[in-house]
Amino acid sequence: LTASWPDMQLPELLLQVDGWIGLSELFRTLAGQRSRSADFTRSLLTTLVAEGCNLGLTKMAALTPNVSVRGIRRIREQYLYEDTLRTLLDALVKAQHQLPIANMLGDDTVSMSDGMRVATRVHSIRAGFLPAHMAPGDRALTFYSHVSHQGPVFGCEVIGNERDATY
């Protein structure tokens, strides 16, 4: 299976998926406007990688030629909101259902779950120090998500700093 994987970086993969199903066309402002900028798709995908991989906008802009922190900050503020992201997930799930592998994943009665640790500056009873996952002195929360094998996340809760494997 590994030998059949194409040799490409995540941004290249996102551009390819965008070409297949037109994800960047789904992003609109709250007023329903779509960007006319020539580099919108590149900036949008850069912003999605920064947010999805918890790299931070400044670091991601430094790693990406011809993309500014200001530009990806604008994309995040104007285009990455709940309704747009739900529309995006729906489009991804519909596209995934068209793939031959979808039948091998089981029906929607099977699910999986995992925890994601996210740094926080907010002092909360659920936030804790997780030196194995965060920088010394940084507090984090663990979000425990439940995902159907045939769809997007259907449940998510904050479990604090507990290990998700024992939850």
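Two residues are in contact when they have heavy atoms within 4.5 Å of each other. Leaving aside neighbours within four places in sequence, L23 is in contact with V17, D18, L88, A91 and L92.

The model is predicted: local features need pLDDT of at least 70, side-chain atom pairs count only at pLDDT 80 or more, and totals for chains, interfaces and linings use all residues. Residues are numbered from 1 along each chain as its sequence is written, and side-chain values use heavy atoms, with hydrogens and water left out.

## The chain as a whole

The chain has five helices and four strands. Helices (H or I, at least four residues) and strands (E, at least two) are DSSP runs, numbered from the N terminus. In order from that end, the elements run α-α-α-α-α-β-β-β-β.

Of the 167 residues, 30% count as buried. Buried means under 20% relative accessible area, exposed means over 50%, and partly exposed lies in between (1.4 Å probe, protein chains only). The accessible surface of the chain is about 11,400 Å², and 56% of this belongs to carbon and sulfur atoms. Such areas come from the Shrake-Rupley method with a 1.4 Å probe; for residues, only the protein chains shown count as cover.

Among contacts in the chain with a separation of 6 or more, 51% are between residues 24 or more positions apart.

The expected span of a helix is 1.5 Å times one less than its number of residues. The table sets the spans of two helices, from first C-alpha to last, beside this value.

| Helix | Number of residues | Span | Expected span |
|---|---|---|---|
| α1 | twelve residues | 17 Å | 16 Å |
| α2 | 13 residues | 18 Å | 18 Å |

Helix α1 covers residues 10-21. It is followed by G22, which has a positive phi near 65°. Helix α2 is followed by N54, whose phi is also positive, near 55°.

Which residues of α2 are buried? They are F40, S43, L44, L45, T46, T47, V49 and A50. These buried residues pack against α1, α3 and α4.

## Nonpolar cores and a surface patch

A nonpolar core is a set of buried Ala, Val, Leu, Ile, Met, Phe, Trp, Tyr and Cys residues joined through side-chain atoms within 4.5 Å. The largest core has nine residues: V17, L23, F27, F40, L44, I75, Y79, L80 and L88. The elements that give two or more residues to this core are α2 (40-52) and α4 (69-79). A second, separate core has seven residues, including V49, L57, A61 and I72.

On the surface, W20, I21, L89 and L92 form a nonpolar patch with about 380 Å² of accessible area together. Patches are made of residues with over 30% relative accessible area and no salt bridge; like charges are joined within 9 Å and nonpolar side chains (Val, Leu, Ile, Met, Phe, Trp, Tyr) within 5 Å. Two or more residues of the patch come from each of α1 and α5 (82-97). L89 is found in helix α5, and this residue counts as partly exposed because its relative accessibility is 39%.

## Salt bridges

How many salt bridges are there? The count is two, where a salt bridge is a side-chain nitrogen of Lys or Arg within 4 Å of a carboxyl oxygen of Asp or Glu.

One joins the side chains of R34 and E25, at 3.1 Å from N to O. E25 is partly exposed, with a relative accessible area of 44%. The other is formed by E51 and R76, whose closest N and O atoms are 3.4 Å apart. E51 lies in helix α2 and R76 in helix α4, so this pair ties together parts that are 25 residues apart in sequence. E51 is partly exposed at 36% relative accessibility, and R76 is partly exposed with a relative accessible area of 31%.

## Two single residues

Most residues other than glycine have a negative phi. N66, a residue other than glycine, has a positive phi near 65°. N66 lies in the loop between α3 (57-63) and α4, and counts as exposed because its relative accessibility is 72%.

S148 lies in strand β3 (residues 139-148). Is S148 buried or exposed? S148 counts as buried, at 11% relative accessibility. The C-alpha atoms of S148 and S111 are separated by 4.2 Å, although the two residues are 37 residues apart along the chain.
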